[in-house]
Protein chains: 2
Amino acid sequence: MSNEIRRNMALFPIGIVMKLTDLTARQIRYYEQNDLIQPARTEGKQRLFSFNDVDRLLEIKELIEKGLNIAGIKQVFDLKAPITMETEITETSEKTRKELTDKELHQLLKQQITNPGAFRHGENVLLRGELSRFFH
Amino acid sequence: MSNEIRRNMALFPIGIVMKLTDLTARQIRYYEQNDLIQPARTEGKQRLFSFNDVDRLLEIKELIEKGLNIAGIKQVFDLKAPITMETEITETSEKTRKELTDKELHQLLKQQITNPGAFRHGENVLLRGELSRFFH
DNA sequence: TGTTCATGTAAGGAAACCTCACTTGCCCTT
DNA sequence: AAGGGCAAGTGAGGTTTCCTTACATGAACA
């Protein structure tokens, strides 16, 4: 839940994603253009990628290496989606992602932090401490 | 171990860190200037922050809010360091961080990914799959 | 009142990113 | 052999984000 929020936080600029995935900027933009990913944007329209985006790009890369074309990859993702069970929920959270991430997520984080003590030691702390839990 | 690598990966530009911590760029740079953090840099000298850096900035913020000044915060960190046990190891890994992160970490990641199959299903996969494990 | 500390703010420049358009290499098909 | 489509490279021109440096401000305090 807040797990999903974390995975969907828009955090990385394209330069970092290039290094993490070893894809070129051209490729990443091309995949976006073909609807394989939908990274968030800053106000200035620069792309911001989440962990999920990076994960997906790595999947795309593998499939490309296996010789699939864009249409094939799209097909694979369409087939994989239902497997995660309860497609509706997945779709819902995808919507949540697109609407929440860009506008309110950082705000949410801010509130939790700038409201000192209010969430300390609680289940809802997204950063500080939770951050440690980002890594098992 | 590779856990520590992940926590120390230089990933975020200052803009993101501002949102995550609700600190101003001025503050973040000032804390760096006073040696409270040592973010990595891109070749073009732009700051890149790791999870550990963000975590530390949040600690700094808390202490600032409690009324500590820079010297006090420095003191707190000096006192906290030995508690993590085996200071030497901590120092070593700090060195590892500074030297590894900037130069070789992404390279390391690249290799593991561009060498398809070699690390699949192994313990050493840092991304794809491991990425999911970033979140417990 | 003057000093120090933490931060704000402004200027000028550089890095990183953006879109658009054209090109290239490869694989097909005719 | 020619033509077409796909995935990606490359270049131009512009915008956004970040950099350092320097000066300003407000609070605390000697």
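1. Chain A of this predicted model contains 7 helices and 2 strands. Read from the N terminus, the order of elements is α-α-α-β-β-α-α-α-α.

2. Chain A has 136 residues, and buried residues account for 42% of them. Taking the contacts in chain A between residues at least 6 apart in sequence, 59% join residues that are at least 24 apart.

3. In chain A, helix α2 (residues 14-21) packs on helix α4 (residues 51-65) at an angle of about 45°, and their axes lie 10 Å apart. Angles of 65 to 115 degrees count as roughly perpendicular and those under 35 degrees as roughly parallel, so α2(A) is oblique to α4(A). The crossing of α2(A) with α4(A) is right-handed.

4. Which residues make this contact in chain A? From α2(A) they are A:Val17, A:Leu20 and A:Thr21, and from α4(A) they are A:Val54, A:Leu57, A:Leu58 and A:Lys61. By class, the contact of α2(A) with α4(A) has 5 nonpolar residues, 1 polar and 1 charged.

5. On the spacing of such residues, a general point applies: with 3.6 residues a turn in an α-helix, residues three or four places apart point the same way.

6. In chain B, α2 (residues 14-21) and α4 (residues 51-65) pack at about 45°, with 10 Å between their axes. The pair α2(B) and α4(B) is therefore oblique, and its crossing is right-handed. The α2(B) side of the contact consists of B:Val17, B:Leu20 and B:Thr21, while α4(B) supplies B:Val54, B:Leu57, B:Leu58 and B:Lys61. These residues of the contact of α2(B) with α4(B) divide into 5 nonpolar, 1 polar and 1 charged.

7. Helix α4(B) has 15 residues and spans 21 Å from its first C-alpha to its last, close to the 21 Å expected at 1.5 Å a residue.

8. Is α4(B) largely enclosed or largely open? Of its 15 residues, 11 are buried, so α4(B) is largely enclosed by the rest of the structure. Buried here means under 20% relative accessible area. The buried residues of α4(B) include B:Phe51, B:Asp53, B:Asp55, B:Glu59, B:Ile60, B:Glu62 and B:Leu63. B:Val54, B:Leu57, B:Leu58 and B:Lys61 are buried as well, and these residues make the α4(B) side of the contact with α2(B).

Conventions:
Residues are numbered from 1 along each chain as its sequence is written. Chains are lettered from A and ligands numbered from 1 in the order in which they are written. This is a predicted model: local features need pLDDT of at least 70, side-chain atom pairs count only at pLDDT 80 or more; totals for chains, interfaces and linings use all residues. Side-chain values use heavy atoms; hydrogens and water are left out. Axes are lines fitted to C-alpha atoms, for helices over the stretch in contact, and angles run from 0 to 180 degrees between N-to-C directions. Helices (H or I, at least four residues) and strands (E, at least two) are DSSP runs, numbered from the N terminus. Angles under 35 degrees count as roughly parallel, over 145 as roughly antiparallel, 65 to 115 as roughly perpendicular and the rest as oblique. A crossing is left-handed if the near helix is turned anticlockwise from the far one by less than a right angle, and right-handed if clockwise. Contact means heavy atoms within 4.5 Å. Ala, Val, Leu, Ile, Met, Phe, Trp, Tyr, Cys and Pro count as nonpolar, Asp, Glu, Lys and Arg as charged, and the others, Gly among them, as polar. The expected span of a helix is 1.5 Å times one less than its number of residues. Buried means under 20% relative accessible area, exposed over 50%, partly exposed in between (1.4 Å probe, protein chains only).
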